[in-house]
Amino acid sequence: MPKIHVKQLLEAGVHFGHQTKRWNPKMRRFIFGERNGIYIIDLAKTMAELREMHQYLQGAVADGGTVLFVGTKQQAQDPIRDAAQRCGQYYVTHRWLGGTLTNIRTIQRSIKRMHELDQLIESDDIKRLGKKQEAKIRRELFKLHRNLDGIAKMAEPPAAMFVIDIKREAIAVNEARRLNIPVIALVDTNCDPDLADYPIPGNDDAIRAIRLIANYISDIVIESSDQKTKAAPEVQAEEFGVSEEEQGADESTDEETAEESTDEEE
């Protein structure tokens, strides 16, 4: 079972908030105190929110749901991409395209265009267009890959969305809320925690803090996916009304039948 400890949170600097002059009063319940003009986040509250999030996400993924990782600011891009790829989930790390969730048909057309240009580049037809046109197509393809690679295989809305910095990703959060997609977010002291269904109070600017929380969520997804895979044979047996004892009995009967057939042939 994936675990995370207060010591890890401290070492990653998860407890450091923003300056006291830059804060959201709704974060008051998650603030432990103030030191040198910086708010200190109560890590006991962070641990409590992580446990609640863990319980939800574990069930959502075990039921076949997917997770969309979102973090477009520079320090979040690599940790978010790495964590999402590690657990085989979707991600957006460059720019959130308006309508990614609410206008998925338009996004699918862009993905189709990306695949068509990939095929064109791989073929000899690209050379017939001239260098200027080829350069233009390659620039377009680069931008498409940069924006769409992480969601190219996302055929339907995810079961949850994990966000770094809900202020910066306001459009993404609004789209998820419109579609009733639960939002899991690393929420700093300058954010509104009410915009997230599962707010995780913590530093959303430090790379180590972002990587720690993102990897923890990735671990939950991996564990829950494994549980789903192991449970599949049991579900199939239940659908046909076969218990484990009956399965064992059937196997024994098959072995006895095979032995009897061998004796008769001899």
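This is a predicted model: local features need pLDDT of at least 70, side-chain atom pairs count only at pLDDT 80 or more; totals for chains, interfaces and linings use all residues.

Student: Why is Arg29 called partly exposed?

Tutor: Buried means under 20% relative accessible area and exposed means over 50%, with partly exposed in between. Arg29 has 42%, so it is partly exposed.

Student: What makes the contact between Arg29 and Asp194 a salt bridge?

Tutor: The cut-off is a side-chain nitrogen of Lys or Arg within 4 Å of a carboxyl oxygen of Asp or Glu. For Arg29 and Asp194 the N to O distance is 3.9 Å, and the pair counts as a salt bridge. It links distant parts of the chain: Arg29 is in the loop between strand 1 and strand 2, Asp194 is in the loop between strand 7 and strand 8, and the two are 165 residues apart.

Student: Which other residue forms a salt bridge with Asp194?

Tutor: Lys26 does, with its closest N and O atoms 3.5 Å apart.

Student: What makes Lys26, Arg29, Asp192 and Asp194 one network?

Tutor: Salt bridges that share partners join these four residues. Across the structure there are 12 salt bridges.

Student: Let's turn to the cysteines. Why is Cys87 called buried?

Tutor: Cys87 has 11% relative accessibility, and buried means under 20%, so the label applies. Cys191 is buried as well, with a relative accessible area of 0%.

Student: How many disulfides does a search of the whole structure find?

Tutor: The search finds 0 disulfides. To count, a pair of cysteine sulfur atoms would have to lie within 2.5 Å.

Student: And what makes Lys132 exposed?

Tutor: Its relative accessible area is 76%, and exposed means over 50%, so Lys132 is exposed. Lys132 is found in helix 5 (residues 131-148). It also belongs to a patch of positive charge on the surface, together with Arg95, Lys136, Arg139, Lys143 and Arg146.

Student: Why does that group count as positive?

Tutor: Lys and Arg count as positive, so a patch made of Arg95, Lys132, Lys136, Arg139, Lys143 and Arg146 is positive.

Student: What is noted about the phi of Asn36?

Tutor: Phi of Asn36 is near 55°, a positive value in a residue other than glycine. Asn36 lies in the loop between strand 2 and strand 3 (38-41). With a relative accessible area of 74%, Asn36 is exposed.

Student: Where does Asn180 lie?

Tutor: Asn180 lies in the loop between helix 6 (170-178) and strand 7. Its phi is near 60°, a positive value in a residue other than glycine. Asn180 has 69% relative accessibility, and exposed means over 50%, so Asn180 is exposed.

Terms used
Residues are numbered from 1 along each chain as its sequence is written. Side-chain values use heavy atoms; hydrogens and water are left out. Patches are made of residues with over 30% relative accessible area and no salt bridge: like charges are joined within 9 Å, nonpolar side chains (Val, Leu, Ile, Met, Phe, Trp, Tyr) within 5 Å. Accessible areas come from the Shrake-Rupley method with a 1.4 Å probe; for residues, only the protein chains shown count as cover. The place of a charge is taken as NZ of Lys, CZ of Arg, CG of Asp or CD of Glu. Helices (H or I, at least four residues) and strands (E, at least two) are DSSP runs, numbered from the N terminus. Buried means under 20% relative accessible area, exposed over 50%, partly exposed in between (1.4 Å probe, protein chains only).
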